Amino acid sequence: MDPAIAIVPMGLGHLRQVLDLGHEVFDTTVKPYTSWSLTSVAEHLDSPDNACWVALDSDRVVGFVLGSMEFEHRDDWAYLEWIAIAPDMQGLGIARRLVDICSEALFARGARRIVTDVEQRNTASATLMTRNGFRPAATVTLFVRPNPDEPEPDSADEALPAMPPGAKRALIRHGRLAGEGRVAR
């Protein structure tokens, strides 16, 4: 752990760096409903939940976490939705510190549970979450039906297009998708 890294509430002055770091580290092609955008960050920043934090090395944002008390129809469940650490700063305990402070803020706001999700191949994030008291609760498989009139892609791992902001929440609200979100490091 690097004590020189300060963890502070995210403010407007951090917005550009948070957005840029997210673009650098998030692979939104692994889940087609994932959308990293200014809107994604601004919605969290505008929340009264005090669950958005940045890790600063001097004035450089080297990590962030975005959480909220909005987990669909559960007023008593929170959502740790986004967390990222700059590649050159990984392995220093920053992510653990961010998860801890975000979780503390969400529990203080009344959360009985905090939900997050990790893409299946992201073992580093799964390990982080497990070490921070999260445990697997649900598995959701995204089924895709290709158009039979279209040629088959060259790769079985063809990336799916990202859905527009808010589409994932609409799917969850209508019972079509449950237990998924975004955590990338």
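A: Since this is a predicted model, let me begin with the angles: axes are lines fitted to C-alpha atoms, for helices over the stretch in contact, and angles run from 0 to 180 degrees between N-to-C directions. In those terms, α3 runs at about 160° to β4 and lies across β1, β2, β3, β4 and β5.

Q: And what is the strand order in that sheet?
A: The sheet is open, its 5 strands follow the order β1-β2-β3-β4-β5, and the pairing is mixed. At the edges are β1 (6-9) and β5 (113-115), each of which pairs on one side only. Averaged over the sheet and with direction ignored, neighbouring strands are turned by 25° against each other.

Q: Which strands does α2 touch?
A: Helix α2 (residues 38-45) packs on the sheet and touches β2, β3 and β4, with its direction making about 70° with that of β3.

Q: How do β2 and β3 pair, parallel or antiparallel?
A: Strand β2 (residues 52-57) pairs with strand β3 (residues 60-68) in the antiparallel sense, over 6 bridges; Ala55, for instance, has Gly63 in β3 as its bridge partner.

Q: Switching to α4, which of its residues are buried?
A: In helix α4 (residues 123-131), the buried residues are Ser125, Leu128 and Met129.

Q: Why are they on the same side of α4?
A: Because they cover an arc of only 95° around the axis, they fall on the same side of α4. These buried residues pack against β4 (77-85) and α3 (94-108), whereas Thr123, Thr130 and Arg131 are exposed on the other side of α4.

Q: What comes just after α4?
A: Gly133, which takes a positive phi of about 90°.

Key. Residues are numbered from 1 along each chain as its sequence is written. This is a predicted model: local features need pLDDT of at least 70, side-chain atom pairs count only at pLDDT 80 or more; totals for chains, interfaces and linings use all residues. Side-chain values use heavy atoms; hydrogens and water are left out. Buried means under 20% relative accessible area, exposed over 50%, partly exposed in between (1.4 Å probe, protein chains only). Helices (H or I, at least four residues) and strands (E, at least two) are DSSP runs, numbered from the N terminus. The arc is that of the directions from the helix axis to the C-beta atoms. Contact means heavy atoms within 4.5 Å. Two strands pair if DSSP finds at least two bridges between them.
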